[in-house]
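Student: I have a chain open and want to talk through its fold. Can you take a look with me?

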Amino acid sequence: MRRALDEAERARSRGEVPVGAVVVAADNTLMGAGHNAPITECDPTSHAEIAALRAACKAASNYRLPGATLYVTIEPCTMCVGAMVHARVERLVFGAAEPKAGASALLDSAAFNWRITVTSGVLAAECGQLLAGFFEEKRKHA
């Protein structure tokens, strides 16, 4: 999660919402990393999780990531949950809950043909403070 927080800082330094993600293989090897970049990339799908999954899939030369764990600083949205299911990620670990757009509960749905183990609240205070501080700073300059 510390590596995901480093990625979130990269997003913050570029004026993006500070969310970071990493994908780790079953042997704890870093497969991919990413941070939010929808503003810089002019791409609404440029979320941290998507960037990390893309990098991991390229590294694996496979669109599936069996045994992989995705660490992300905030609870993923619906789009990112869907991407994790399609990539066959084994485990999701996230920091802060996202009460408005967080969609990890969707992973309990029988509609999905893949099950992902979820662990929440890892470094939640630190992850949440990074986001809160970012938006507090934005409001000061609005």
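Tutor: A definition to start with: the expected span of a helix is 1.5 Å times one less than its number of residues. Bear in mind as well that this is a predicted model.

Student: OK, how does helix H3 do on that, with its 13 residues?

Tutor: H3 covers residues 48-60, and its first and last C-alpha atoms are 18 Å apart, close to the expected 18 Å.

Student: Which residues of H3 are buried?

Tutor: Ala48, Glu49, Ile50, Ala52, Leu53, Ala56 and Cys57 are buried.

Student: Why would residues three or four places apart point the same way?

Tutor: Because an α-helix has 3.6 residues a turn.

Student: What happens just after H3?

Tutor: Ser61 comes there, with a positive phi of about 55°. Ser61 is not a glycine, and its place is in the loop between H3 and S3.

Student: Is Ser61 buried or exposed?

Tutor: Exposed, because its relative accessibility is 67% and the cut-off for exposed is over 50%.

Student: Where does Leu123 sit, and what is its phi?

Tutor: Leu123 is in the loop between strand S5 (117-120) and helix H5 (124-140). Its phi is positive, about 55°, and Leu123 is not a glycine either. With a relative accessible area of 30%, Leu123 is partly exposed.

Student: What is Ser46 in contact with, leaving aside neighbours within four places in sequence?

Tutor: His35, Asn36, Ala37, Pro38 and Glu41.

Student: Switching to helix H1. What about Ala8 in there?

Tutor: Ala8 lies in H1, residues 2-13. Ala8 is buried, with a relative accessible area of 0%. Not counting residues up to four places away in sequence, Ala8 touches Pro18, Val19, Gly20, Thr73 and Leu130.

Student: How far is Ala8 from Leu53?

Tutor: The two are 45 residues apart in sequence, and their C-alpha atoms are 15 Å apart in space.

Student: Zoom out. How many helices and strands does the chain have?

Tutor: Five helices and five strands. From the N terminus on, the order is α-β-β-α-α-β-α-β-β-α. The radius of gyration is 14 Å, close to the 14 Å that the globule rule gives for 142 residues, so the chain is as compact as a globular protein of that length.

Student: What box do the C-alpha atoms fill?

Tutor: Roughly 45 × 30 × 25 Å, taken along the principal axes.

Student: And how much of the chain is buried?

Tutor: Buried residues make up 43% of the 142 residues. The accessible surface comes to about 7,400 Å², and 55% of that belongs to carbon and sulfur atoms.

Student: What about contacts between residues at least 6 apart in sequence?

Tutor: Of those contacts, 57% join residues at least 24 apart.

Terms used
Residues are numbered from 1 along each chain as its sequence is written. This is a predicted model: local features need pLDDT of at least 70, side-chain atom pairs count only at pLDDT 80 or more; totals for chains, interfaces and linings use all residues. Side-chain values use heavy atoms; hydrogens and water are left out. Helices (H or I, at least four residues) and strands (E, at least two) are DSSP runs, numbered from the N terminus. Buried means under 20% relative accessible area, exposed over 50%, partly exposed in between (1.4 Å probe, protein chains only). The radius of gyration is taken over C-alpha atoms; the globule rule is 2.2 Å times the number of residues to the power 0.38. Contact means heavy atoms within 4.5 Å. Accessible areas come from the Shrake-Rupley method with a 1.4 Å probe; for residues, only the protein chains shown count as cover.
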